[in-house]
Amino acid sequence: MTHALRLKDLAKTFDVSGGLFGGTRGKVHAVNPITLDVETGETLGIVGESGCGKSTLARMLVGLLPPTEGSIEIEGEPLSRADPAAFGQKIQYVFQDPISSLNPRKTIRQIMEAPLKHLHGMGREQREARIAEIFAAVNLREEFLERYPHEFSGGQAQRIGIARALAAKARILILDEPVSALDVSVQAQVLNLLADLKREFGLTYLFISHDLAVVEAVSDRVAVLYFGSVVEIGPAERIFAAPHHPYTALLAGSAPVVGRELTPPEAKGTELPNPLDPPPGCAFAPRCPRATDKCRAEVPALMDMGDGTKAACFHPLGQGA
Amino acid sequence: MNFLRLLARNQLALAGLIVMALVVLLALAVPLLPLQPPNVTNTADRFMAPFSEGHLLGTDHLGRDLLSRLLHGTRLSLAVGFAAAVIAAVLGAAVGIVAGYYGGRTDNVIMRLVDMLMAFPYILLALAIVAALGPGLLNALVAVAAVNIPFFARNIRGITVGIAHKEFVDAARLSGMGDLRIMLGEVLPNVIPVIVIAMSTTVGWMILETAGLSFLGLGSQPPVADLGSMLGEARAALISSPHTSVVPGVMILIIVMAINLLGDGIRDALDPRLRSGALTRPMAATLVKREGPVPEAREGKLLDIRALETQFHVKSRVYRAVGGVDLEVKPGECLGLIGESGSGKSVTALSVMGLVASPPGVITGGRVDYKGTDLIGAPYEHLRGLRGREVAYIFQDPLATLHPLYKVGDQLIEAMKVHGKGEGAREKAIQLLKDVRIPNAESRFDSYPHEMSGGMRQRAGIAMALANDPDVIIADEPTTALDVTVQAQILALLNDLRKSRGLAIIFITHDFGVVGQLCDRVAVMYAGRIVEEGPTAEVLATSAHPYTKRLIACVPELGEGRRKLAAIPGLPPPVDNLPEGCAFAPRCDKATEACTARPIPLMPFAGERAVRCIHPENDAAAREAAE
């Protein structure tokens with residue numbers, strides 16, 4: 001198997017400046033070192049709640065944010081410098097808010113032409129041919145090209161966003177909450193379109209979302225992020241059905257499911273640890289019903305759970321069962 | 001052309017535009033007019049009064065024709081003022097865009113320099129610049145432009161900071177565009193309206209400043225006249241021959257007044273916030289224009305909404321957001337109202353207490369019966385007495401509904417005081433915070449909203465809704481902005497409160513999972529109408545309306561693994577152009593001619609249910625279950 005994307009110890013730390021003269025008051029570890037391989041043609045789902053670092057990770061992967069440490073390798077080539085133009089030909093980004101990702105003062109044609117002109121230096125005729133080809137693939141009519149973004153519904157705008165990402169001829173797409181701004185009936189249209197495009201163009205997806213059911217439905221593998229670290233990663237059909245990490249279990253237990261009794265899945269607080277002063281051990285320990293002194297002292301590494309799943313937990317669930 | 005129409009609506013601005021156009025035309029036509037030479041002195045004819053022969057406006061202290069000097073001077077003053085404005089706008093915008101786009105240290109250095117420039121009184125700075133460069137009109141222009149650069153730089157920088165963090169700028173980077181290209185191609189088009197607004201409001205000021213420098217003898221040099229130097233030269237004869245001062249003075253007044261009126265008009269017409277009606281204050285209660293008979297209330301309901309119609313009237317268009325909705329809740333009952341965006345669920349909820357903004361909202365029909373009185377068209381004082389005390393709302397975004405500058409506890413106390421329940425309010429507020437399970441309620445009482453997490457804020461929002469022991473709570477997507485683990489806790493909390501306090505809840509959402517867990521009954525809305533209603537379990541298990549059935553199929557449910565989702569093709573119809581018959585028919589695969597021929601009523605279906613469809617799904621199964 002070839003790897004579309006390999007991350008080695010990729011981490012991002014933000015300096016928190018304080019006071020008038022910009023002295024550093026502390027560091028926030030938005031993403032702790034992550035090592036991850038994504039196979040070509042795979043859809044890797046990334047789930048986590050707000051503040052877990054999923055957007056920071058995504059922005060590093062497309063070169064919008066320089067990593068503090070670690071390396072990114074795309075289709076076998078290392079990309080060390082954060083340069084969106086260099087990344088853009090290989091890996092593209094589909095934004096959460098389809099409307100605000102399109103410049104309100106440009107026509108759709110101008111928006112679509114930008115990557116073709118600046119990344120591939122295509123001439124006018126080549127560009128027209130390429131745009132026609134992509135618009136056919138995402139089911140958009142060519143007459144839309146002369147219109148402005150505000151004339152489109154959310155679902156159409158998201159198709160345009162996807163078309164722009166495809167125009168760059170990137171074979172890896174980072175989908176950052178691509179359907180969470182859309183209504184459910186439109187959400188399904190876009191998800192199905194993404195599945196068709198993947199088959200047609202042999203794409204690799206990183207699908208970031210907070211919606212477990214959506215991630216489970218579209219992904220081959222799922223990684224669960226908590227407080228900047230991958231706490232569990234495994235096949236989509238198993239990870240929520242038989243979670244090993246207590247946090248994954250909490251997430252799965254919190255998702256609203258018809259017919260399930262309404263009981264709060266967790267008695268303890270829902271507050272994340274203070275990012276300026278993280279606890280020494282497992283970040284989930286303060287909320288975890290299974291936490292022991294070991295959890296509060298040491299940070300657990302990802303360990304193989306035996307069924308293709310890895311979890312970062314000293315006391316995983318479902319072991320020996 | 002839309003812009004011109006907006007501008008013309010403001011009559012003062014239109015007057016300014018006309019006057020300014022006349023002045024500019026006159027100034028442009030100066031070389032063509034049969035004027036006397038402006039700089040030829042004739043001391044024999046000095047200080048001639050206006051309307052003298054050959055000198056319509058008289059002459060000055062050197063016997064020069066004032067009319068000719070006035071028009072030549074106006075021409076010069078306008079040219080210098082506009083040139084200074086353009087230069088200041090271009091340079092200021094460039095500085096502002098660079099500072100705002102790069103941010104960080106670049107921004108800091110540039111803006112501190114700009115601040116230093118602003119720290120000098122402007123006239124002192126202009127004087128210093130002219131003193132360094134030497135007097136002359138061109139140097140005065142440079143000085144006036146330089147003095148005004150900071151104003152533009154600060155304005156444009158503020159706007160650019162907002163734009164530089166927009167997603168489309170990131171998208172442009174990923175399209176391979178460099179910084180310069182992004183600034184010119186992506187940022188600039190979005191700040192041009194702001195530049196035009198800033199320019200239109202400062203041109204007048206710059207003409208005044210230029211005139212001021214010329215008045216002091218630092219601008220235009222004799223014998224060439226501009227408006228300022230004419231005033232300066234006339235100063236000595238102010239008492240003996242006032243017309244020499246009055247003539248240029250009146251011209252300055254006319255120009256600056258016209259430009260300022262026009263500038264205000266341009267600003268109002270271009271500013272998107274003003275254009276969208278931010279300046280029109282909504283009325284205290286929604287406008288009611290009911291035609292036709294008011295339906296009777298049903299017996300034994302706490303809150304009974306009958307045939308409610310709410311529309312938005314925007315110019316000539318009528319958006320039928322709510323087109324005849326019937327809903328009711330009993331004490332202790334939770335009713336789910338489910339639908340996609342634009343289906344009218346929020347407008348229905350806001351109509352209950354007359355909270356739909358008017359203009360443009362109008363309630364055009366129906367009845368909202370609360371404990372036997374009709375709330376639609378009720379006096380504002382009556383509505384105000386009920387709002388929060390009997391019927392309370394919980395909104396989606398607690399950060400937007402809590403006041404950012406007041407402590408959470410004080411806001412709770414205020415909510416109680418408004419309804420005359422101020423006694424022991426502090427203890428009660430702390431108890432409320434405990435009731436919604438906020439840890440350390442005593443210390444959280446003194447927190448500001450921004451100091452709390454999203455889940456805590458929503459708890460505070462719920463506490464506020466509970467503050468006056470209402471009988472009905474209308475919750476409009478209260479958990480949509482929250483993480484799933486927090487959502488689960490908030491839902492459980494609402495469920496407990498309803499059981500312990502006998503609250504009736506109308507719960508608006510787009511999530512079937514949430515409805516399935518929390519609600520006794522559910523109503524599904526589509527294009528402003530209820531298409532299906534009934535006990536939650538039955539509606540979810542044997543959906544009767546094709547829309548309900550297919551909407552449920554769209555939603556992936558956890559635990560079903562990887563799969564292809566069923567999508568509904570097409571989009572809901574726009575509510576300003578609804579079809580005659582069933583609004584879902586164009587997207588429905590069961591639609592027949594009868595579906596589009598005439599409106600479909602909401603018909604009773606299998607027991608306690610109702611459906612607005614002539615080809616319902618699950619017909620047999622639902623009937624069987626009902627029996």
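The entries below go from the ground rules to the chains, the contacts and a few backbone details.

**Ground rules**

I am reading a predicted model, in which local features need pLDDT of at least 70 and side-chain atom pairs count only at pLDDT 80 or more, while totals for chains, interfaces and linings use all residues. Residues are numbered from 1 along each chain as its sequence is written, and chains are lettered from A and ligands numbered from 1 in the order in which they are written.

**Chain A as a whole**

I began with the secondary structure, and chain A has 10 helices and 12 strands; helices (H or I, at least four residues) and strands (E, at least two) are DSSP runs numbered from the N terminus. Its radius of gyration is 21 Å, close to the 20 Å that the globule rule gives for 321 residues, so chain A is as compact as a globular protein of that length. I note that this radius is taken over C-alpha atoms, and that the rule is 2.2 Å times the number of residues to the power 0.38. Along the principal axes, the C-alpha atoms of chain A fill a box of roughly 65 × 55 × 40 Å.

I then looked at burial: 50% of the 321 residues in chain A are buried. A residue is buried if 20 or more other C-beta atoms lie within 10 Å of its own, exposed if 12 or fewer, and partly exposed in between, with C-beta atoms placed from the backbone. Of the contacts in chain A between residues at least 6 apart in sequence, 65% join residues at least 24 apart. Contact here means that the C-beta atoms of two residues, placed from the backbone, lie within 7 Å.

**Domains of chain A**

I find chain A divided into domain 1 (3-18 + 25-219) and domain 2 (246-321), with bounds from an automatic or database domain assignment. Their C-alpha centres lie 29 Å apart. How many residues of domain 1 of chain A are in contact with domain 2 of chain A? I get 8 residues of domain 1, in contact with 7 residues of domain 2. On the domain 1 side, strand S2 (23-39) and helix H7 (212-218) of chain A are the elements that give two or more residues, and S2(A) gives the most, with 3 residues. That side has 5 nonpolar, 3 polar and no charged residues. For these classes, Ala, Val, Leu, Ile, Met, Phe, Trp, Tyr, Cys and Pro count as nonpolar, Asp, Glu, Lys and Arg as charged, and the others, Gly among them, as polar.

**Where chain A meets chain B**

I moved on to the contact between the chains, which takes 60 residues from chain A and 54 residues from chain B. Which element gives the largest share of the chain A side? I find that H6(A) does, with 8 residues. Other elements giving two or more residues include helix H3 (108-120), H7 and helix H9 (246-254) of chain A. By class, the chain A side has 32 nonpolar, 18 polar and 10 charged residues.

**Chain B as a whole**

I count 24 helices and 13 strands in chain B. Its radius of gyration is 34 Å, whereas a compact globule of 627 residues would have one near 25 Å. The C-alpha atoms of chain B fill a box of roughly 115 × 60 × 60 Å along the principal axes. I also note that 48% of the 627 residues of chain B count as buried.

**A hairpin in chain B**

I followed strands S2 (residues 303-314) and S3 (residues 317-329) of chain B, which run antiparallel and are joined by 9 bridges; strands pair if DSSP finds at least two bridges between them. Phe312(B) stands opposite Tyr319(B) in S3(B). The two strands form a hairpin with 2 residues between them, and Lys315(B) in the turn has a positive phi of about 50 degrees.

**Backbone details in chain B**

Most residues other than glycine have a negative phi, and most peptide bonds are trans. I therefore noted these exceptions.

- Pro222(B) and Pro223(B) are joined by a cis peptide bond, with omega about 5 degrees; Pro223(B) sits in the loop between helix H8 (179-215) and helix H9 (227-234) of chain B.
- Asp469(B) has a positive phi near 50 degrees and counts as partly exposed, with 13 C-beta neighbours inside 10 Å.
- Glu477(B), in the loop between S8 and H19 of chain B, has a positive phi of about 45 degrees.
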